[in-house]
Amino acid sequence: MQYRVNPRNGDRISALGLGCMRFPGAALGRPDARAARGLIARAVERGINYLDTAYLYPGNEAAVGAALEDLGLRGSVLIATKMPHASVKRPEDLDRYFDEQLERLRTDHIDYYLMHNITSPAQWERLQELGAGEWLARQKAAGRLRQAGFSYHGSAGDFARVLDAYDWDFCQIQYNYAGERYQAGTAGLEEAAARGMAVFVMEPLLGGRLADKLPDRARRIFAEAAGARTAGPAPVSPADWGLAWVWDHPEVTMLLSGMSAPEQIDQNAALADRALPGCLTDGQHAVIARVVDEFNRANRVSCTGCNYCMPCPHGVNIPGCFAAYNASFAHSWFTGLSQYFTASAVRTSFPKLASNCVRCGACARKCPQHIDIPARLGGVCRRFQPGPVGAALKLWARRHR
Ligand code: SF4
Ligand code: SF4
């Protein structure tokens, strides 16, 4: 395993971290404890020493804590988890959530502690007024947390203001080859690294949209390039290309991948061994530039499938609708329609059709990608439920009620 050093405290961190949010079963709100144990064991076996979870991932901290205790691996890994800061209304809430997290994770300290999903400087200012800055310093002094940081989903312009607002040790940003100018982007990555902070990357494959869900034409570009002779690692699959692109950046300390199968861990860990900073050639960068063009042509809604917007009180399967919509441009309209049928559970008593949306707006407030969900669901309806198709779907839904 390749390790990179946290410039703040000298920790040697595996270049590949395990994002625990996508443990099997997590979509139902209850991670499969046995699967979680198996994945963590395999990850540590392959040299991964950083595990990322959050208070808001249902059942996730408890699954990680139980697995580490069962396996006796707490001392072998760095645990990262996150404060659900929007729920912090009074100063004492900080201790309340943190104590609960220590208990769930069955540990006496958190190695990397983040304010979860900061989207604007105003959010941190509000927390500062509740004493969060002093609180973090106190926890560090008491040895209850080692490094303080934040995960970020705000605009490029606001990122430097959040960096300036506290003496952070590290930050976690969304970063991938399709989003160099999105959210913190390349400018934010370089800015944070220049301040001597560790920078962790999330969504390196955009929730799979740069891997198995990549448009067919983009996949062909990668497939044709896979046989070329290169000086660095020879990425094979679209996922390899996406991960190698992130590791190519020397400013990146570690990238998180939400691996949900042991084989995925093996494959990504093998690539992490070879994907050193500066590993990609100019020719490989040119290949990725062509893929970005194709991706942008097909990528109509920037949904990563994180599920933060769910559940919809009217039953709409929001990420499923958007995945099907994008697939209809990336592959074919029929592929998208067939996915839409599956995601909508149209043969159930309560179909999860995009047309169920009543535009209440509850979901859009929670979306880290700032998608205008009700408006974009309108586009999904127009694509999959126009005229006769819509009438047929409604009839079908009525029959199965
Ligand atoms: S806006 Fe539509 S999709 Fe979003 S929560 Fe309300 S009904 Fe559901
Ligand atoms: S719409 Fe937004 S919140 Fe919902 S799954 Fe997609 S990216 Fe996540």
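## Ser-87 and its contacts

Apart from residues up to four places away in sequence, Ser-87 touches Asp-93 and Tyr-97. This description rests on a predicted model. Ser-87 belongs to the loop between strand 5 (78-83) and helix 3 (91-105). Tyr-97 stands ten residues apart from Ser-87 along the chain, and their C-alpha atoms are separated by 9.3 Å.

The relative accessible area of Ser-87 is 31%.

Gln-172 is placed in strand 8, which covers residues 170-174. With a relative accessible area of 2%, Gln-172 is buried.

When neighbours within four places in sequence are left aside, Gln-172 is in contact with Asp-52, Lys-82, Leu-114, Phe-150, Ser-151, Tyr-152, Phe-200, Met-202 and Leu-256.

## The loop between strand 9 and helix 8

Two residues with positive phi values are found here. Glu-203 lies in the loop between strand 9 (198-202) and helix 8 (216-225), and Leu-206 is located in the loop between strand 9 and helix 8 as well. Phi is near 55° for Glu-203, a positive value in a residue other than glycine. For Leu-206, phi is near 50°, again positive in a residue other than glycine.

Glu-203 has a relative accessibility of 13% and therefore counts as buried. Leu-206, at 7% relative accessibility, also counts as buried.

## Helix 9

Helix 9, formed by residues 238-247, is mostly covered, and ten of its ten residues are buried. The buried residues in helix 9 include three tryptophans, Trp-241, Trp-245 and Trp-247.

## The crossing of helix 12 and helix 14

Two packed helices are described by the angle between their axes and the distance between the axes. The axes of helix 12 (residues 318-330) and helix 14 (residues 373-384) come within 10 Å and cross at roughly 50°. The two helices are therefore oblique to each other. The crossing in which helix 12 passes helix 14 is left-handed.

On the side of helix 12, the contact is made by Ile-318, Cys-321, Phe-322, Ala-324, Tyr-325, Ser-328 and Phe-329. Helix 14 contributes Ile-373, Arg-376, Leu-377, Gly-379, Val-380, Arg-383 and Phe-384. By class, the residues of this contact comprise ten nonpolar, two polar and two charged.

Met-310 and Pro-311 are joined by a cis peptide bond, with omega about 0°. Pro-311 sits in the loop between helix 11 (282-298) and helix 12.

## The surroundings of the two ligands

The residues surrounding ligand 1 are Cys-312, Pro-313, His-314, Ile-318, Cys-357, Val-358, Arg-359, Cys-360, Gly-361, Cys-363, Pro-374 and Leu-377. Ile-318 and Leu-377, named in this shell, also take part in the contact of helix 12 with helix 14. The shell around ligand 1 consists of nine nonpolar, two polar and one charged residues.

Ligand 2 is surrounded by 13 residues, and the closest are Cys-303, Cys-306, Asn-307, Cys-309 and Cys-367. By class, the shell around ligand 2 holds nine nonpolar, four polar and no charged residues.

Technical notes: Residues numbered from 1 in each chain as written. Chains lettered and ligands numbered in written order. Predicted model: local features only at pLDDT ≥ 70, side-chain atom pairs only at ≥ 80, totals over all residues. Heavy atoms only, no water. Helix = DSSP H or I, 4+ residues; strand = E, 2+ residues; numbered from the N terminus. Buried < 20%, exposed > 50% of the residue type's maximum accessible area, 1.4 Å probe, protein only. Contact = heavy atoms within 4.5 Å. Axes fitted to C-alpha atoms, helices over the stretch in contact; angles between N-to-C directions. Parallel < 35°, antiparallel > 145°, perpendicular 65-115°, else oblique. Left-handed = near helix turned anticlockwise from the far one by under 90°. Nonpolar A, V, L, I, M, F, W, Y, C, P; charged D, E, K, R; others polar. Near = heavy atom within 4 Å.
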